[in-house]
Amino acid sequence: TTNLGVYCHAGRENAVASTKAFTTQITVLALIALWFRELKDRMAGVGPSYESKLLKDSLTRLPISFGMAMKNRAACKRIAERLNPKEHCFVLGKGFGEPVAYEGALKIKEMCYLHAEGYSGGALKHGPFALIENEKTGKFGSTPIILLIFDDEHAHHMRTAAEEVKARGADLIIITDDSRLADGLCDDPILIPRNGPLTALGAVLPLQLIAYELAMLRGINPDTPRNLAKAVTVD
């Protein structure tokens, strides 16, 4: 061991499909990055950088940001009802939204037994495009695609990806911090609060809530998914 571990202090995780681990590990890594940057600035004899102040403010606002994101519970249940008859689902994100898309797809797979895949915003066209079906040709109707579109440097690329999959008949579900980014694509987007560099982290809550609500609709205990164990004892 390194004797230099950092505890998440998230409390006991009862479910096999862990949810607190993702959010707390991202928070801890952000704190470590902040510590290194502040140390670097002190060694250089300069004051705190703009980026450090921005990240520190975002970390301070996390509890409020998460509390606001939790108000989307009813919207998440409506989306779960749309996903219930489906067999496949894609979750797309770019930049900081990409790992959040992976986490969302993982939770949908683990808790709902719905085949879900996370991809970078523009990567869907490199093969998975062939799996997109529309309402008429799809055995289970149009393919649902969840897109994380934030007001950042990747917004244009994510809008383009959304327009491309919509043109092919996909059923779009958008999670965003700016409703204007969903104009013409989705009539009822899930809105999360803007929180600087940690905005994308707030999107993990609605994704996890969608997975939970879908598991309940399907009569699945989300705490104990089949074939999964809390502790892995083999290589």
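Tutor: Let us begin with a term: two residues are in contact when they have heavy atoms within 4.5 Å. The model before us is predicted. With that cut-off, Leu-148 touches Leu-92, Gly-93, Gly-97, Val-100, Ala-101, Met-158, Ile-175, Ala-203 and Leu-207, leaving aside residues up to four places away in sequence.

Student: Which residues touch the most other members of the largest nonpolar core?

Tutor: A core of this kind is built from buried nonpolar residues joined through side-chain atoms within 4.5 Å. The largest one here has 44 residues, and Leu-83, Val-100, Ile-146, Leu-148 and Ile-175 touch the most other members. Two or more residues come from each of these elements: helices H1 (20-43), H2 (50-69), H3 (73-83), H4 (97-112) and H6 (204-217), together with strands E1 (88-93), E3 (144-149) and E4 (171-176). H6 gives the most, with eight residues. There is also a second, separate core of 19 residues, which includes Leu-92, Phe-129, Leu-172 and Ala-182.

Student: How should the length of a helix such as H1 be checked, and what span should its 24 residues have?

Tutor: One compares the expected span with the distance between the end C-alpha atoms. At 1.5 Å a residue, H1 should span 34 Å, and its end C-alpha atoms are 35 Å apart, so the two agree.

Student: Which residues of H1 are buried, and which helices do they pack against?

Tutor: A residue counts as buried when its relative accessible area is under 20%. In H1 this applies to Phe-22, Thr-23, Thr-24, Val-28, Ala-30, Leu-34 and Asp-41. The buried residues of H1 pack against H2, H4 and H6. Just after the helix, Gly-45 has a positive phi of about 75 degrees.

Student: Is Ile-190 buried or exposed?

Tutor: Ile-190 has a relative accessible area of 1%, and is therefore buried. This residue is found in strand E5, residues 190-191. Its contacts, apart from residues up to four places away in sequence, are Asn-72, Ala-75, Cys-76, Ile-79, Ile-174, Ile-175, Thr-176, Pro-206 and Ile-210.

Student: Is His-154 buried or exposed?

Tutor: His-154 is buried, because its relative accessible area is 19% and the cut-off is under 20%. His-154 lies in the loop between E3 and helix H5 (155-167). Beyond residues up to four places away in sequence, His-154 touches Lys-94 and Gly-95.

Student: Is His-9 buried or exposed, and what is its phi?

Tutor: A residue counts as exposed when its relative accessible area is over 50%. His-9 reaches 73%, so it counts as exposed. His-9 is in the segment before H1, and its phi is near 55 degrees, a positive value in a residue other than glycine. Asn-227, in the segment after H6, has a positive phi near 70 degrees. With a relative accessible area of 78%, Asn-227 is exposed.

Student: How is empty space to be read?

Tutor: Rolling a probe the size of a water molecule over the atoms shows where empty space is left. In this model there is one cavity of 30 Å³ or more, and the largest cavity has a volume of about 40 Å³. Its lining consists of Leu-92, Gly-121, Gly-122, Leu-124, Lys-125, Phe-129, Ala-161, Glu-164 and Val-165. H5 supplies the largest share of that lining, three residues. By class, the lining has five nonpolar, two polar and two charged residues.

Student: Which residues lie closest to the centre of the largest pocket, and what classes line the second largest pocket?

Tutor: The largest pocket holds about 260 Å³ of space. Of its 13 lining residues, Ile-26, Ala-30, Phe-96, Pro-197 and Leu-198 are the closest to the centre. H1 gives the largest share of this lining, five residues, and the lining divides into 13 nonpolar, no polar and no charged residues. The second largest pocket holds about 210 Å³. Phe-96, Asp-151, Asp-152, Gly-196 and Pro-197 are the closest to its centre, of 13 lining residues. The lining of this second largest pocket has four nonpolar, four polar and five charged residues.

Key:
Residues numbered from 1 in each chain as written. Predicted model: local features only at pLDDT ≥ 70, side-chain atom pairs only at ≥ 80, totals over all residues. Heavy atoms only, no water. Buried < 20%, exposed > 50% of the residue type's maximum accessible area, 1.4 Å probe, protein only. Helix = DSSP H or I, 4+ residues; strand = E, 2+ residues; numbered from the N terminus. Expected span 1.5 Å × (residues − 1). 1 Å grid on protein atoms, 1.4 Å probe; cavity = no way out; pocket = protein on both sides within 12 Å on 5 of 7 lines; lining within 4 Å. Points joined across faces, edges and corners; volume = space filled by probe spheres on them. Nonpolar A, V, L, I, M, F, W, Y, C, P; charged D, E, K, R; others polar.
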